[in-house]
Amino acid sequence: MAALRRSSSRLKLLTERLGEWRRLQRRNIYKKKWASSRPRVPSTQLALQNMDMNYSLQFGDLWPSIRLSLLCEQKYAALLNGFGDVDKVIHEMERQQALDFVYEARRKSECQGPVCTSHADPQLEAMQDLPPNLQTPESYSEPSVFSSNTDQELPSILEMKQSLPISPNLKCFTFPRGGITRFKPARADGLRLLEYYLMDAASLLPVLALDVQPGHTVLDLCAAPGGKCLALLQTECCRQLAVNDISSSRLSRLRKILHSYVPKNVRTEDKLRITAFDGRHWGELERNTFDRVLVDVPCTTDRHSVLEEDNNIFSRLRLRERQRLPLLQTQLLVSGILATKPGGSIMYSTCSLSQLQNEYVVERAMEVAATEHNVELRLVNLTAIRTLYRDTFNFNDHCRVGELVLPHLTANYGPMYFCKLQRIH
């Protein structure tokens, strides 16, 4: 009997423990469901956390101002459509007190007389000795890839006396620095073409500095959504423009933009070629072909990443894609270098503040081009770009190579990084 009672008590104890185990399992299952359904940290917040961690080290005391500007409304400019009724639009822009910043920079640099020079610094006064057709600088020197621009904030007098070519025929209107006026949406003119294209004015700087001249063959390797491609067409200098992007949906958006701004006779296949190749292999497809190549690579798009959840690269699901960006950017730049003729120029650009996606990519691509492809490149000094357009943009003075436009509340353009290379052979 004693043995039977002990067996009964053990069975009762086991039954109780089994019940506890089952309740524990149910509780864990419930917690798992609860954890998977609770709100996650938004991608915009992840982007901001990542930037706080990295850019506070990169920019130091400048970062709070840049951060605030990224979170505020971006300032836009109006790229004039040269294929439409130009005089009418210019008159309307002047009535709104908007200025063509490209023309204004050149006018100020050419300004003569005591009124213009009395308060100018000596470096800027040196520009007055330039010829009337003063334009933006292509190059001044051949600095080392690892040299710093910090000791060359302004070009020397000798450098400023050299010719400074930029891509012609571009007119882009902005409202005065510090103003909050916004452009209205563009309207169609009598030719059914939209009068102007609203864009970040800093996005025009890579096209200006690329120096596209009449008769050039040009490649826009990562063209979509199409702002820089449209600017290249506005120069009216491209004998043929090859427009490429691997994304078919983005190319569809680009086609719509071209259809809204460019006449049909300019969109013919012999003048404008649109393709959807993997840009990393373009150097193999058409090597030594183009006079000018623009490589506006995919990047973290910093301003979009802190404001928009849609297609945000800081999403947890795109972590690996984001980590591979510098490699992709380097491959695209090397491909663009190989597609350029000896003597031609390559412009690399991003809309990111990250040194890892900017200066380091340029330095690595130059190294790969030299060691693996025996291609010699020269880094073009764009310091005078910063001098000419410093009244419109807020430039970073501490880029290792190239130039970087920093967002600022009084001039909330950018970020925009651009660096120009010239292929020697």
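What is the mean pLDDT of the protein, and what percentage of its residues reach 70 or more? The mean is 84, and 78% of the residues reach 70 or more; pLDDT is the predictor's confidence in each residue, from 0 to 100. This is a predicted model, so local features need pLDDT of at least 70 and side-chain atom pairs count only at pLDDT 80 or more, while totals for chains, interfaces and linings use all residues. Residues are numbered from 1 along each chain as its sequence is written, and side-chain values use heavy atoms, with hydrogens and water left out.

One stretch to treat with care is residues 112-163, where pLDDT stays under 50. The model has 108 contacts beyond four places in sequence for that stretch, a contact being heavy atoms within 4.5 Å.

Now for the helices. Helices (H or I, at least four residues) and strands (E, at least two) are DSSP runs, numbered from the N terminus. Take α10, residues 227-234: eight of its eight residues are buried, so the helix is largely enclosed by the rest of the structure. Buried here means under 20% relative accessible area, exposed means over 50%, and partly exposed is in between (1.4 Å probe, protein chains only). Among the buried residues of α10 are K228, C229 and Q234. Just after this helix, E236 takes a positive phi of about 55 degrees.

Next, look at α5, residues 101-110, whose buried residues are F101, V102, E104, A105 and S109. Their cover includes β2 (99-100), β3 (172-174), α9 (205-210) and α17 (383-388).

Rings of Phe, Tyr and Trp (its six-membered ring) pair if their centres lie within 6.5 Å; planes under 30 degrees apart count as stacked, over 60 as edge-to-face and the rest as tilted. A search of the whole structure finds 11 aromatic pairs. In one of them, the ring centres of F183 and Y196 are 6.3 Å apart with planes at 55 degrees, so the pair is tilted. F183 sits in the loop between β3 and β4 (196-199) and Y196 in strand β4, so this pair ties together parts that are 13 residues apart in sequence. Both F183 and Y196 are buried.

F277 and W282 form a tilted pair too, 5.7 Å centre to centre with 55 degrees between the planes. Here F277 is partly exposed, at 39% relative accessible area, whereas W282 is buried at 0%.
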